[in-house]
Structure formats: C-alpha cells, structure tokens
Amino acid sequence: MEIVWQTPANPPEPHDYIIRNGEEQMGGQNRRRSLHRGVQGTTARLLRMNPSVPFRSISAIKAINSGRIQVDGELVHASYVVRSSQKISHFVHRHEPPVLAEDVLILQNEADVLTVCKPASVPVHPCGQYRKNTVVGILQAEHGLAPLFPVHRLDRLVSGLLIFAKNADQAEQFRQQIEAGLLQKEYIAKVVGVFPAGEQVVDANVNYNAREGRSSVEVGDQSMGKHLKGKPACTKFTRISTNGTYSVVLCKPVTGRTHQIRVHLQYTGHPIANDMLYLSEDVARSTGRRGAGRAASVMYEPPDSHSSNNDCYAKDNATCSDEEFSIDPMCTNCPNLAPKGYDGDDEALWLHCVRYSGPGWSYECPYPDWASLSGSLGKKIKT
C-alpha cells in the first residue's frame with residue numbers, strides 16, 4: 001500500500017480526484033468530485049506512562065503487520081516493547097467527503113491577487129475532514145496556483161467571489177483594510193415570498209450557538225437592563241426582482257457575523273428559500289424537510305431534490321467495489337469513496353457573493369443561474 005504524506009511535499013494533483021455521475025436531475029447529472037485515493041496522514045505521540053508494554057490490541061497488531069504503525073520511523077514486530085520517550089507514528093487512511101464537481105472559475109489572475117468564483121459545497125481551505133477537496137487544493141491541483149492567502153472566506157454551501165492574495169505582503173494590505181472597516185461586501189439571495197421594496201435595514205444582534213451550528217437574532221434595549229449575548233450586526237437588503245413566490249435580494253452586510261445574512265433574512269420573514277437551517281418554523285412545519293405538502297405551493301417550493309443515495313456513496317461495500325482507486329484492507333470506508341455516514345445530500349445554498357470592493361478596487365463575480373439574472377464575467381474596476 002502506498003503511503004502518501006499530507007505535507008507540502010505532496011500537494012494535490014489532478015490524478016487525486018475522480019469525477020463521478022450521481023442521480024440524474026432536471027435532465028442533467030449531479031457530478032461529484034471525490035478523492036482518487038485515501039489521503040494518508042500521520043499522528044504521533046511520545047509514551048510517558050508505562051511505556052514498557054507490548055502492543056496488545058488486535059487492531060494495533062494488524063496495523064503493525066501492515067506497516068501502518070512505526071516506532072521512531074522503523075517497522076517493528078507486534079511483540080516489540082516500546083521504550084520510554086520513543087515516538088509512535090500511526091498512518092491513517094482518510095476519506096474526504098465528496099463535493100459537487102463544478103469548476104472553480106478563475107476570474108482574474110494578477111501579479112498579487114487571484115479572484116475565483118467558488119462553487120457551492122466546496123470549503124475554501126483545509127478544515128475538518130477536508131484536505132484536498134477544497135478551493136485551495138483544487139486550484140493547486142488543476143492550475144498549479146500556490147501558495148494562496150484567502151482574503152475572506154465563504155461558508156461551504158455558499159458560492160461566489162473569493163479573493164486570494166498571492167503573497168504575504170498583499171495579504172497584509174487586505175488585512176489592514178478589513179480591520180479598518182474599508183471593505184464593502186455584496187451578496188444576492190433567493191428568498192421566500194415578496195420581499196418589501198426599498199432598502200430594508202436589519203440592525204439586530206447575532207448570537208451563534210456553536211453546539212447547534214446555527215445563529216439566532218437578539219433584539220432588545222440594553223438601556224432597560226436586558227443583557228444581549230449576541231454581537232452587534234447590521235445588514236442592508238434591497239429587492240432586485242420578484243415573481244410573487246420568490247424574491248432575489250441584494251444583501252450588504254455591514255458587519256461579518258456567523259450566518260449573519262441567513263439569520264437576518266429569517267428575521268425579516270423572508271428566509272433563503274432552500275435554507276433548511278433557517279426556514280421559518282411555520283414553513284418548515286407545513287412543508288417538511290424536503291418541502292412536501294400543499295403549503296409548499298403557496299409559500300415555498302423545494303429546491304431540485306434528488307435521492308439521498310448517490311451512486312456508490314450509500315451502497316453496500318459488496319456492490320460498490322471499484323478498480324479506480326487503491327483499497328485499503330484496514331479501512332472501514334473502502335471501497336466507498338465517501339466517509340462512513342456521509343449521506344450524499346449536499347445542496348447549493350441560494351446565497352452568492354457577487355462583489356467585494358475597497359479603496360481603489362472592486363472585484364465582481366457572475367450571477368448564478370438560480371438568480372435568473374445575466375451577469376458579466378467578474379472584472380476589476382479601478383476607482
């Protein structure tokens with residue numbers, strides 16, 4: 001079995017990925033990008049308590065026999081007795097969650113700045129289970145662009161404009177502008193119902209609950225003795241268009257709190273139309289999690305749905321064996337490409353970053369198809 005270190009010496013490469021077709025949707029294919037082989041990482045620790053004992057567990061013995069556990073970088077026998085302060089390295093076969101296989105569209109590739117249009121479902125940089133299935137990883141694998149310094153980030157399910165500095169000096173300039181409050185951000189969202197005309201300003205604290213993974217709005221007068229736990233947050237909204245069922249809304253966050261736009265839109269009574277986390281209780285209760293029910297035709301229409309079982313991701317191992325990548329006999333996920341427990345049910349959130357601007361510069365991104373608006377390719381405008 002080939003051991004592939006997750007280090008800068010082993011950058012993402014095109015052959016690391018597999019593009020697979022999933023269930024047919026709306027006459028097309030929902031393609032997903034998966035890793036071609038499990039990424040190998042390493043964990044190491046120094047033994048400090050009772051080191052003079054041999055390896056005993058069956059799983060450890062199997063790992064030693066396959067060369068996955070080493071002591072001080074050397075292969076050892078299962079009966080080897082570890083001495084004090086020796087380093088044990090355990091090589092881990094890691095499966096990353098697949099992401100939608102939309103292209104990361106390069107908008108501008110300048111001397112110091114790179115701008116791209118991020119597809120939904122792809123995280124910006126390595127985090128959690130994601131290492132190579134990221135915007136940074138894909139840009140390095142497909143375009144050889146590295147190193148890159150993200151100027152800002154977008155949530156995994158959010159699409160749109162991403163700005164990268166190509167060197168530390170440019171990254172520092174952007175950081176200073178951000179800290180000085182000199183950057184303006186613009187998003188568009190597709191929301192439930194007819195959003196009011198004219199500019200609507202929501203100035204309400206946002207309190208993020210890390211355990212639940214969602215934010216809530218807090219309102220009240222602190223001068224009256226009510227303590228607000230959330231952070232001050234302000235978003236300006238302007239309706240762009242509406243068809244009576246949905247509205248496309250321009251969103252200008254003045255502050256940058258977690259899920260700020262999503263929870264502020266919920267607060268207005270017009271949540272993002274496919275945002276299952278922040279759809280109002282009335283809509284969620286009447287439509288169900290996938291939007292089923294008569295009430296859906298009045299207030300909410302579900303996004304293009306698809307089966308929760310995608311290609312090989314939810315099938316049994318026995319029916320899903322592939323010759324496309326190496327199978328690790330000790331891995332509990334192989335031969336499936338996706339990690340155990342992955343439900344294959346990612347949806348692109350109808351929230352899209354369209355513009356960032358600062359002192360003397362402005363970058364733009366094309367509008368997404370769901371906005372039903374035509375947009376030109378992103379461009380930099382000197383002001």
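This is a conversation about how some features of a predicted model get their names.

Colleague: What should I know before we start with this predicted model?

Modeller: Residues are numbered from 1 along each chain as its sequence is written, and side-chain values use heavy atoms, with hydrogens and water left out. In this predicted model, local features need pLDDT of at least 70 and side-chain atom pairs count only at pLDDT 80 or more, while totals for chains, interfaces and linings use all residues.

Colleague: How many helices and strands does the protein chain have?

Modeller: The protein chain has six helices and 19 strands. Helices (H or I, at least four residues) and strands (E, at least two) are DSSP runs, numbered from the N terminus.

Colleague: What makes Val116 count as buried?

Modeller: Buried means under 20% relative accessible area, exposed means over 50%, and partly exposed is in between (1.4 Å probe, protein chains only). Val116 has 0% relative accessibility, so Val116 counts as buried. Val116 lies in strand 9, residues 113–118. Across the protein chain of 383 residues, 46% count as buried.

Colleague: Which residues is Val116 in contact with, leaving aside its neighbours within four places in sequence?

Modeller: Contact means heavy atoms within 4.5 Å. By that rule Val116 is in contact with residues including Val104, Ile106, Val135, Leu139, Gly160 and Phe164. Take Gly160: from C-alpha to C-alpha, Val116 and Gly160 are 7.9 Å apart in space, yet 44 residues apart in sequence. For the protein chain, 64% of contacts between residues at least 6 apart in sequence join residues at least 24 apart.

Colleague: And Ser159, why is that residue called buried?

Modeller: Its relative accessibility is 8%, so Ser159 counts as buried. You will find Ser159 in strand 11, residues 159–165. Not counting residues up to four places away in sequence, Ser159 touches Lys118, Pro119, Ala120, Leu154, Leu351, His352 and Cys353.

Colleague: Which residues of helix 2 are buried?

Modeller: Helix 2 covers residues 135–143, and its buried residues are Val135, Val136, Gly137, Ile138, Leu139 and Ala141. After helix 2 comes Gly144, with a positive phi near 65°. In the loop between helix 2 and strand 10 (149–150) lies Pro147, and a cis peptide bond with omega of about -5° joins Ala146 and Pro147.

Colleague: Why is the pair of Phe195 and Phe237 called edge-to-face?

Modeller: Rings of Phe, Tyr and Trp (its six-membered ring) pair if their centres lie within 6.5 Å; planes under 30 degrees apart count as stacked, over 60 as edge-to-face and the rest as tilted. Phe195 and Phe237 are 6.0 Å centre to centre with 65° between the planes, so they form an edge-to-face pair. Phe195 is in the loop between strand 12 and strand 13 (200–203) and Phe237 in strand 16 (residues 234–242), so the pair ties together parts 42 residues apart in sequence. Both Phe195 and Phe237 are buried.

Colleague: What makes the pair of Trp361 and Tyr363 tilted?

Modeller: Their centres are 5.6 Å apart and their planes make 45°, so the pair falls into the tilted class. Ring pairs link Phe174, Trp361 and Tyr363 into a cluster.

Colleague: How do you know that the charged end of Lys190 sits over the ring of Tyr246?

Modeller: A charge sits over a ring if NZ of Lys or CZ of Arg is within 6 Å of the ring centre and within 35 degrees of the ring normal. The charged end of Lys190 is 4.7 Å from the ring centre of Tyr246. Lys190 also lies over the face of Trp350, at 4.7 Å from the ring centre.
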